[in-house]
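Please read the following report alongside the model, taking each contact and pairing in turn.

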Amino acid sequence: MAIIIDDYGKVFTLHTKSTTYQMKADGQNVLLHAYYGERTDNSDKSLLSYRADRGFSGNPYQVGKHDRTYSLDSLPQEYSVFGTGDYRITALRVQNGDGSQAAELCYDGYQVRKGKYAVPGLPAVYGGEEAETLAVRLKDPYSCLEVELYYGVFEELDVITRAVKITNKGEGAVLLQKAATVNLDWEWGDFQWISFYGRHSMEMNMQRENIHHGVQSIGSVRGISSHQYNPFMILCEKGANEAMGGCYGFSFLYSGEFLMEAEKNQFGRTRLVCGIHPDNFAWTLEPEGVLWLPEVMMTYSGSGMGQMSRNFHKAIREHVCRGEWRDKRRPILINNWEATYFNFTGDDLVAIAREAKKLGVELFVMDDGWFGKREDDNSGLGDWTPNEKKLGCTLRELVERIHGEGMQFGIWLEPEGISEDSDLYRSHPEWAVNVPGRKPCLSRNQLILDFSREDVQDHIIKQISDLLDKVPITYVKWDMNRAVCDKFSRVLPPERQGEFAHRYVLGLYRVLEELTSRFPKVLIEGCAGGGGRFDAGMLYYTPQIWGSDTTDAVERLSIQYGASFGYPVSAMGSHVSTVPNHQTGRETPLFTRGCLAMAGTFGYELDVDKMTREEKAIVREQVETFKKYYHLLQHGDYYRITTPFEGSCTVWEVASPSGTEALISAVYHHVQPNPVMSWVKVQGLKEESKYQLFLYEGLMEDYPEEKLPYGFRPGEYISGASLKHSGFVLPSAVNEFQAWQVYIKECEE
Ligand code: GLA
């Protein structure tokens, strides 16, 4: 049993393989948070909480007369509310019918069951027998607002999920002004917090700071989870690194506006609150009205960030991503975007597909520009009818031609987008998001469809279904190329406009759920100008997401490094593109670009026709390497060995869970004269076994054997213990951005 409840039904202890989480309904019926961290026993840890009479930290009426040490302002709580004596950041803020903002949540019972709860209309981590559910009910005795806290316990994964269901059991309407999913309190507070900030084309930059007095936060008010801050964060001990120290990870399964805030209070205690961003949120709950809050997935590792990341990788790969493409090998694709941009004909596309096929590529993706009036990004969005003049044939004929070349076919769509210059806008201007009577803010000269509207959702479902019914399409790139502002929906009454942002996301999820169940064989890759909606919520519908509009291998080093903290390789859309790189002008070796693409879903985005014979030979080899090591690359245990920000070489590793093989990739981001050698200590192998090392770099046959470092010469064996503790030395680089791949395999001597 992963969920243990004491004999009085008051202490709830959740155990996973290596962690324990505990809460307790105390004598005042307040649900206290007691513990989250390294696995321990079931003893009541709330008893460790220190209480004293604290000036200006008030006491609830019923205890205040005889006990001034009991204060909601200092006690660690499981789900905090605004307005009744807790002055910290809080999870829930309501406005009652009389205009007051008071709420008081008292413990009101619990339920435990096998299996994992679902969150209606929203993505959620799933699991059958592998999970257990605890639901704890809290109720405001005055307003009768009911809050049910849901916990999903995945013992083997070391993952605990949280979601919340709010029901208005009272007689009048209640306005939810803020409704976060997670409140987590610690008795101590000397943490650091790691977040991932960025911008279009440069996502996932890592930032590590001390939690300090005051409130620190990351979030999005952009309608999408955003390039600016990823809805994922880490709270860790100060000295924590890849292999040591306590780390908590929080991943929000939500693709809209979010807020993750932390506060160290006057007593040095830390509180974390995480959920929907309250700035664009005001939700009216009529009597019997219900609102489910999106799920947060949490994990804790007492042994550093590497393990924390691996917990998330496995959970996302096996319990968030769904459908046929969760486990099936995804096709190696070529996308024409950087090869042609808007300027192509059907013949051009067929030529790219034909050449790519010869190199082993399996799927051709026709990117933006194939539909309506779309010669550039100023028009056409919304008109998903093929431009037959430009293609020189019907879409079906084009697909047949691509199939004829032995390639599968994929297509780009931006279903949420609408251009003013489009037939859709001309016939339904009211479907575009804007505030009536005001001019909307343009972005990429486009608007956004009001996905909170059911008629818009139905229209998109129909359009895409018709397309997928008529034409054999294996893959869809679901793009979304602007942030949402001017938030307003013509179908919502004035007092419900604060529901727009969340309703938009619910609408998007409805459309995606409908399409993925109607077309389970279609692989959808998410995208929002690259990583503008790179979140675990989207991964529930689209098992991969285009990581960034930057395809430069060196910039991808840090983007993919950042993403690896919370997301698996199988989620990261990554392609080899041409040099000089279109975003940076940088030249990197083709082999290096391949290494970076293999740290993702792997594919190409260039004109193969323009490649030299040598380059094509390298591509052929890359494709073979990717296929050969697919199981390791996409399903192996991932280790960050060094970072792109220090030293001269960025190294990462994927190892088979059984420890029989590993693949190491190393990219020199800084070539030095008379270099310091780069050592790699290999992780995840069996210490008692013997291994052989195989080195790859482009066409390796030519590499002079006598120059190879120890361990790489044919016939040499190294023990797992030696590789782990002493490591091996990488060949030094002679060219800028040179890369190596080292395959390590268990062998009989
Ligand atoms: C976005 C995507 C790109 C490409 C363009 C097409 O920016 O991220 O990969 O599809 O749109 O307009």
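In this predicted model, L590, F591, G594 and M598 of helix α11 meet E615, I618, V619, Q622, T625 and F626 of helix α12, where contact means heavy atoms within 4.5 Å. By class, this contact of α11 with α12 has 6 nonpolar, 3 polar and 1 charged residues; here Ala, Val, Leu, Ile, Met, Phe, Trp, Tyr, Cys and Pro count as nonpolar, Asp, Glu, Lys and Arg as charged, and the others, Gly among them, as polar. Two packed helices are described by the angle between their axes and the distance between the axes. The axes of α11 (residues 590–598) and α12 (residues 613–628) come within 10 Å and cross at roughly 25°, the axes being lines fitted to C-alpha atoms, for helices over the stretch in contact, with angles that run from 0 to 180 degrees between N-to-C directions. That angle makes α11 roughly parallel to α12, a description used for angles under 35 degrees. The crossing of α11 and α12 is right-handed, that is, the near helix is turned clockwise from the far one by less than a right angle.

Helices (H or I, at least four residues) and strands (E, at least two) are DSSP runs, numbered from the N terminus. Residues are numbered from 1 along each chain as its sequence is written. Because the model is predicted, local features need pLDDT of at least 70 and side-chain atom pairs count only at pLDDT 80 or more, whereas totals for chains, interfaces and linings use all residues, and side-chain values use heavy atoms, with hydrogens and water left out.

| Strand paired with β2 | Bridges | Sense | Opposite residues |
|---|---|---|---|
| β1 (residues 3–5) | 3 bridges | antiparallel | I3 and L14 |
| β3 (residues 19–25) | 5 bridges | antiparallel | V11 and K24 |

β1 and β2 form a hairpin with 5 residues between them, and G9 in that turn has a positive phi of about 70°, while a hairpin of 3 residues joins β2 to β3.

Another part of the model holds an open sheet of 9 strands in the order β28-β27-β26-β25-β22-β21-β20-β30-β29, with parallel pairing. β28 (572–573) and β29 (576–577) stand at the edges with a single partner strand each, so one side of each is left without a neighbour in the sheet. Helix α4 (residues 346–358) packs on this sheet, touching β20 and β21, and its direction makes about 155° with that of β21.

Two individual residues complete the account. Y561, found in helix α10 (residues 553–564), counts as buried at 9% relative accessibility, and its C-alpha atom is separated by 8.1 Å from that of M204, 357 residues apart along the chain. T270, placed in strand β17 (residues 270–276), is buried with a relative accessible area of 1%; leaving aside neighbours within four places in sequence, its contacts include W186, W188 and F191.

Key:
Parallel < 35°, antiparallel > 145°, perpendicular 65-115°, else oblique. Pairing = 2+ DSSP bridges. Buried < 20%, exposed > 50% of the residue type's maximum accessible area, 1.4 Å probe, protein only.
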